[in-house]
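Dear colleague,

Please find the structure below, together with its sequence.

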Amino acid sequence: MIIYPTAKQAGILDKYTQERIGVPGIVLMERAANLTAETIIDRLHNGQKGIYSSKADSKLKDFSKDRDEIVIVAEGGNNGGDAVAVGRILYCKGYKVRIIDIDGISNKTDSFKKQIEIIQKLGIRYTVLSETDDPSVCLVEIFKSIGHGIICEGLFGVGLSRKVEGVHKDVIDMINKFSQRGIYVVSIDIPSGINSNNGHIMGAAIRSDLTVTYQYIKYGMLVSSGREYSGDIVCDDIGIIQNIEPEWYEELYTQYGDNNLVLYEYTKDEYMSRLPVRTADSHKGTYGKVLIMAGSSDIYGAMYFAAAATYGVGAGLVKVITHKNNRDILAEKLPEAMILTYDDDGFDKIKVMEAVSWADVMLLGPGIGTSDKTASLFNYMLATAHTGQKIVLDADALNIISQNDMSKCFSNLTNAVGKYNVVITPHPGEMARLYENLFNEEEDVRTVIQDSPDMVAKTMAYKFGIIAVLKGARTYIAGSSNNIYVNTTGNSAMSKGGSGDVLAGILAGLIAGSGSQNIYDTVCTGVRLHGLAGDIARYRVGEYSMTARDLIFNIPNAMK
């Protein structure tokens, strides 16, 4: 499991490693500095990429070890100590290095002061900004002189909690200005000025080409502005303990007052192990029966995308309930699927009841609209759901629910099928309507969702005993525990109509084929698969040209 800690959680783990295990902070600092220096050298000589690919390495193509300089810009905390140590290691390997001490805080850490003492003994060029006649002019002249060089910044770490102002804002703005001119910018642990809890800019923030972080990627680097400002990310082990004694964590949890939510993601091996296993003695019923209510009299694409994706992940049998106008389209595009139609006059209750009784999993909502007749069919299907059945509610299903007594609807549904057997998949707009209806929020709900998507998903899941999949640039999945899955696969090419329908179909199909496997784990697996299919499709057809069909075509590649 890959965890993405908040600032407080990172502090707990770091404190535990030093105080309980006994690893000195200066040792961790040295390991971090060596990792960063090695990464910079790899970039200069091998073009090595990090977790998120970037074109920023093109800035380094003209770097000359003999001509160009690496400037370390540091403040007096432990983050600055890391940066100074990086400069010393690079200097000892023959690179031209200069250290700039911003000197904007009075309480410098012992580790920082020790690193400064070492570099002064080595004779590395060292400038204290507060001692210069005009700090701004001094920095401009230094940055101009480094050629096709590198700025490695260690101003603020993950503990930043106040707005960046004064000299620090001036320094950050100046670094960003020279970055636009072609200077390569490296950040230590997290770009200075980015809030590690939510990715927001704290007044001003470094726009990095590369961020070298330690042990785990901090949550704020994955979301909001932090995602863009972090640039390419390299993360490696420096020996911070991740599995700590529960009672010690609880002691620190009380001390720090954190919300105790743990955000995590699967490793590749964990993801692969959770994909449904197909056995040699199986038959079509082995991999589940999925009933899909999708499409309407003038919308058919959502029906096809959802049904095709359901088959694409291995569901055994699929039946689609849709408007009669879509019969021929489905027969042509996906003849494998069974079909049951309704018309403008209504639906056959007996046949619908038999279909609901037949299904292991129901997917309701893609493209169905919100007319009275559609809502009547939808509500009838919910009313006839049975114990143990799994239900995925997407798109217009959520819009219909939000227009009615939502608390009663979710309560009746979970009573019928069981808690955490219902999955909702809203995008932020749909979640806003749900949230407003349920909690009568007076503030801007969209801002709440943007600022705290993890907590919004968790609140919905906890209140109603459902699994909430809040879609977006990062998708959050909340269920019965305090752990929240945050998905980092996927890309902006998926921001097109039909992508959500494909996700809904993937979830329904995987749930059907996973049998007794934990439904929450299956949903997390499906969200990751959906994003991986998008990443592969973008690589093959390009970010602008990719469509929902490309997602479906690349489902097999995402399952390898």
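Contact, as used in this message, means heavy atoms within 4.5 Å. Helices (H or I, at least four residues) and strands (E, at least two) are DSSP runs, numbered from the N terminus. The model is predicted: local features need pLDDT of at least 70, side-chain atom pairs count only at pLDDT 80 or more, and totals for chains, interfaces and linings use all residues. Residues are numbered from 1 along each chain as its sequence is written, and side-chain values use heavy atoms, with hydrogens and water left out.

Helix α15

Helix α15 comprises residues 406-417. Its 12 residues reach 16 Å from the first C-alpha to the last, close to the 16 Å expected at 1.5 Å a residue; the expected span is 1.5 Å times one less than the number of residues. Which residues of α15 are buried? They are Met406, Cys409, Phe410, Leu413, Thr414 and Val417, where buried means under 20% relative accessible area, exposed over 50%, and partly exposed in between (1.4 Å probe, protein chains only). An α-helix has 3.6 residues a turn, so residues three or four places apart point the same way. On the other side of α15, Lys408 and Asn415 are exposed.

The buried residues of α15 pack against α13 (372-383), β14 (390-393), α14 (396-402), β15 (422-424), α16 (428-439) and α18 (453-464). Gly418 follows α15 and has a positive phi, near 110 degrees.

One of these packing partners, α18, also has 12 residues, and its end C-alpha atoms are 17 Å apart, in agreement with the 16 Å that it should span. Its buried residues include Val456, Met460 and Phe464. Just after α18, Gly465 takes a positive phi of about 70 degrees.

The sheet

An open sheet of mixed pairing is formed by 11 strands, in the order β1-β9-β18-β17-β16-β15-β14-β13-β10-β11-β12. β1 (2-3) and β12 stand at the edges with a single partner strand each, so one side of each has no neighbour in the sheet. Two strands pair if DSSP finds at least two bridges between them.

β11 (residues 317-323) and β12 (residues 338-342) pair in the parallel sense over 5 bridges, and Thr322 has Thr341 in β12 as its bridge partner. Likewise, β10 (residues 289-293) and β13 (residues 361-364) pair in the parallel sense over 4 bridges, with Leu291 opposite Met362 in β13.

Loop residues

Most residues other than glycine have a negative phi, and most peptide bonds are trans. Asp189, in the loop between β6 and β7, has a positive phi near 70 degrees and is buried, with a relative accessible area of 12%. Gln215, in the loop between β7 and α7 (224-229), has a positive phi near 75 degrees and counts as buried at 11% relative accessibility.

Asn195 lies in the loop between β6 (184-188) and β7 (210-214) and counts as buried at 10% relative accessibility. Not counting residues up to four places away in sequence, Asn195 touches His200, Met202 and Gly220.

With kind regards
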